[in-house]
Each structure stands twice: as structure tokens, then as C-alpha cells.
Amino acid sequence: MSQMFDAYETRDPAYDEMFVGSELRPPYQRLGDSLRRLSASELISRVEAMQASYLDQGVTFDIGGEERAFPLDIVPRVIERDAWATIDKGVQQRVKALELFLADVYDEGKVFEDGVIPREVITTSSHYHRAAAGVHPPNGVRIQVSGIDLVRDNAGEFRVLEDNVRVPSGVSYVMTNRRAISAALPEAIAEHRIRPVANYPQRLLAALRAAAPAGVADPTVVVLTPGVYNGAYFEHALLARTMGVELVEGRDLVCRNGQVLMRTTKGLAPVHVIYRRIDDEFLDPVHFRPDSMLGCVGLIDAARMGNVTLANAVGNGVADDKLVYTYMPDIIRYYLAEDPIIKNVDTWRMGDASSREEVLDRLDELVLKPVDGSGGKGIVIGPAASARELEVLRGKILEDPRSWIAQPVVQLSTVPTFIDEQLGARHVDLRPFAVNDGDKVWVLPGGLTRVALAEGELIVNSSRGGGSKDTWVLAGPTPQSQSSGQSQGVA
């Protein structure tokens, strides 16, 4: 393994999180030493065992109709305690501002009147739903779960790439990755104090119960899934099982007299909180798509009457709109009277004529993103695009400028990744998950590190061939500040 490290090459100008030159950065010193003690054959056998375990557990994804183990790299990502403290505070700040923003958008709209963001930015968003107006969550929480995507720029500074407060997914991999790496690298785990991730389901359940309608002392919580053919079904089932609640489909629910009931072997039983993993448009055929077979007729009216809580709230998608993202620094200042702790990536709005003119002159240098895209779909990386692709893109921007933003090419930070029996620098991002119970925004220490497995690739989404890494948040100081005799252990 030491020879693999010796041959490892960083990818300038990207910030490599493990190495500076040929030297290990302090947070990675113990991990590097532990990995160097393994031979290449040992490492390969552990990787194969890890993949077989994921197949046996059903931790898979579909490529062309073939079920494959979700790619988990054996080299963990390590985040030092102080860096995580900044992430924790920054994500909390972001979620608090988003909560106030969404409550305002679907009620008084003071943010428009005070000129912070134009009203038309919201009303023209594909995720703005008038049906959400008048739906007031019992404890004031609209974002029970959020996933705030971060990247680390060339200088090593974390920045927010996008917000996910509709139906953020991926937390199941955080938990399964930790179990898998604990089995694959027990020596390395034992040499670190790592903050745990296993208590996420209990935190989530507490937040869902806290969101129950007024007067319900012992609420019934369910997880609403589109069904077994959904790509995230493994996660839906895992969360339901670990929270100890029922996993239901739309056909299992019925609304009567403004109440939501669940079909059981003993008859109908009341449901008070629905952690829904279905997009807004498919939740209720009365208010959204009339052809939807995934939701249940009457859910929105029951929520408006205060008889059931939908988590996350309907209409949250306006905050995921990448055009709204460009206003987030001002939104944070407006509601919290604070500067953003974690900055946005520099972004141009194509609806602004001067910005549009500049971007159209530099299409081959920038990244263009559709404002309502997800999963990396529709993104055009200018330096990697053909002349024809850029010309088509130019036409799309001119035809509908509101639907596009532009950003510089951020060379996402890299972490050594074991591919084809070699270590190579691969780009990563980070999705910390936050849970809001109405009293506190709690950030899961670690989050989901996604890694682009193709050399030089900047899009990390699994739908584009990406994988993941276990993310270790150190509970203690980094090795350079510790005495050699200090006891270690797993937190």
C-alpha cells in the first residue's frame, strides 16, 4: 500500500484533502499510517468483501437494468474537528434562514415587500405551489430534514453548492457506509476518535413526533414511499425499520372527514405525521397531478385542517430553486441579521442582462446549470463541452434566461480513491444532513461524501456513475496537537 501512496498524484489546482505535496495533512496522519500497513492484496480482498456485503444487504443501484452494489470507496474522508464546527454552525444558520423564508413566502411575503427578492422569482419557480398557502405546520417547522450540499474550493474553503429541502436523500448511505468501513478497516477505526452517525434515526423520529398536530400526545408516524421500484426504496425501508414505524404506500392510506387513516390488519388506524418520500406533484391527485397513483386523495386538505403533518412541507421546493440560491446571502442577512458563515459559490443570474452578456461571451469557461435540475441533469461544463453543445446551450439561455445560472468551474477538492487497484485523486462533495425539531437544528456529524469515480469528472451524482466515502468527523484534536501518550478510541 505504501507504494500506492508513493505513486499518488494530486490534481492541481484542486485542493487535495489528504496530501500537501508529498506530506500527509494532520487529520489524515493516522489513517495514512494504518493504510500503509496493508498490502495491496489485503486491501483488494477487503474491498471485495465490502462489495459482497452491500449486495447481500440490498445496498444497490440500477444501471441499465442490472443491480450493482452502491460504490463505496475504502479510503474514508476525514474532517478535522474545527472545520466541522464551522460546517455545523453554517448549516444550522442556513436552515434557520430557510425556515423563516418559506414561512414568509407562503404567508405575508414581507421578503418581497422589502425588496430582498423579487416576487416573480418565486411565482415563476416550477416548485412554487399555491396549494401550500394556508398550511401552517403545528410546530412551525417546514424543513424537518435538509441536505445542504457543500464543496471545498481550490483554497480549501467550504462553500454551499445548493440547498435540498424538498425530499433530500442519501442519509442511509451515511449509516451503512460507517458499518461497512468499520468491518473493512477495524484497525484504522480503533486508532481514531470518530463522532457517531448511528443515532440519526432516533433524532429524526423525535423531530417527526415533535411535529405532530396539537393535542396528540402519542402520534403515529409513518414513512410514505413510492414503492419498491423507486431508486431510494432501500433508504425508505431502512429509516422506517430503524425508527420503528410503518412503511406505507399511497394505497395504504385513506382520508375521511379530514383525517388520515392507515389500513392495517385490524382495520383503519389514525396517522398523525407522514414522513413523505414522494415529490409534491404526486402527493394528492386533487391538488396536483390527477393521474398520480402514488399519493392519497385528501392529504393536502387534511394538512391544511391541522389533522396531519407532512414532513417535509409541501412547497419547500422553491428554496431548492437555484435562482433562489443566488439570493441566499441576502436572505440570511434579512432574517437573521448575520453574514453567511459558509459562502455561496460565485454565481451569475441569466435573467440579468449584463450578467447574461458576460456569460454568453465565456460559455466555454463556465458551468451552466438549469435552476430546477437535480442529480446533475442538464449541467453543461463549458471547458468539456463541444462547440455544438455550447451553441445549443446559448439558444436555451436566450430563449429562457430565468431557467439558468452560471458558475465558475470549481475544481472540487480531491481525496485518494482506490480504483482499479490503484490510488487516484478523485473529486468529492459533501451533503451534511440536518434535522429540525423546532427547538434545535441538529447536524449529523459526517454527512454523505459523494465521489466522482471517473478521472477528472466533476459531477459526483450516483446517476452519473459516482460513488461515496465514509466521512469521519474527528471528535478530538488533530494528531499534530496531541501528545503521543494520549489514549484513543471510537467515539
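The model is predicted: local features need pLDDT of at least 70, side-chain atom pairs count only at pLDDT 80 or more, and totals for chains, interfaces and linings use all residues. Residues are numbered from 1 along each chain as its sequence is written, and side-chain values use heavy atoms, with hydrogens and water left out.

**Terms used throughout**

- Helices (H or I, at least four residues) and strands (E, at least two) are DSSP runs, numbered from the N terminus.
- Buried stands for under 20% relative accessible area, exposed for over 50%, and partly exposed for values in between (1.4 Å probe, protein chains only).
- A contact needs heavy atoms within 4.5 Å.

**Helices α3 and α7**

- Two packed helices are described by the angle between their axes and the distance between the axes.
- Here the axes of α3 (residues 40-57) and α7 (residues 171-184) come within 10 Å and cross at roughly 145 degrees; axes are lines fitted to C-alpha atoms, for helices over the stretch in contact, with angles from 0 to 180 degrees between N-to-C directions.
- On the α3 side the contact is made by R46, M50, Y54 and Q57, and on the α7 side by T176, N177, R179, A180, I181 and A184.
- By class, the residues of this contact are five nonpolar, three polar and two charged, where Ala, Val, Leu, Ile, Met, Phe, Trp, Tyr, Cys and Pro count as nonpolar, Asp, Glu, Lys and Arg as charged, and the others, Gly among them, as polar.
- S45 also has its place in helix α3, and at a relative accessible area of 40% S45 is partly exposed.
- Between S45 and A184 there are 9.4 Å from C-alpha to C-alpha, with 139 residues separating them in sequence.

**Helix α10 and its cover**

- In α10 (residues 233-243), the buried residues are F234, E235, H236, L238, L239, A240 and M243.
- The cover over these buried residues includes α3, α7, α9 (200-210), β8 (221-224), β9 (246-248) and β13 (273-276).
- Just after α10 comes G244, with a positive phi of about 75 degrees.

**A211, between α9 and β8**

- A211 sits in the loop between α9 and β8, and A211 counts as buried because its relative accessible area is 0%.
- Its contacts, leaving aside neighbours within four places in sequence, are P138, N139, Q144, V273 and T309.
- K343 is 132 residues from A211 along the chain, and their C-alpha atoms are 30 Å apart.

**Cysteines**

- A disulfide is a covalent bond between the sulfur atoms of two cysteines.
- The count here is zero disulfides, taking a disulfide as a pair of cysteine sulfur atoms within 2.5 Å.
- For C255, which is in no disulfide, the nearest cysteine sulfur is that of C296, 3.8 Å away.
- C296 is likewise in no disulfide, and C296 is buried at 5% relative accessibility.

**Domains**

- The protein chain is divided into domain 1 (82-336) and domain 2 (349-408), with bounds that come from an automatic or database domain assignment.
- The centres of the two domains, taken over C-alpha atoms, are 29 Å apart.
- Domain 1 gives 13 residues to the contact and domain 2 gives nine residues.

**Backbone details in loops**

- D12 and P13 are joined by a cis peptide bond with omega of about 5 degrees, and P13 lies in the loop between α1 (2-6) and β1 (19-20).
- Another cis peptide bond joins A311 and N312, with omega of about -5 degrees; N312 is in the loop between β14 (309-311) and α12 (322-325).
- N257 is not a glycine, yet has a positive phi of about 55 degrees; this residue is in the loop between β10 (253-256) and β11 (259-264) and is exposed at 77% relative accessible area.
- E421, also not a glycine, has a positive phi of about 65 degrees; E421 is in the loop between β19 (414-419) and β20 (422-431) and is partly exposed at 46% relative accessibility.

**E455**

- E455 is in the loop between β23 (448-451) and β24 (467-473), and counts as exposed because its relative accessibility is 61%.
- Not counting residues up to four places away in sequence, E455 touches R11 and R426.
- R11 is 444 residues from E455 along the chain, with 9.9 Å between their C-alpha atoms.
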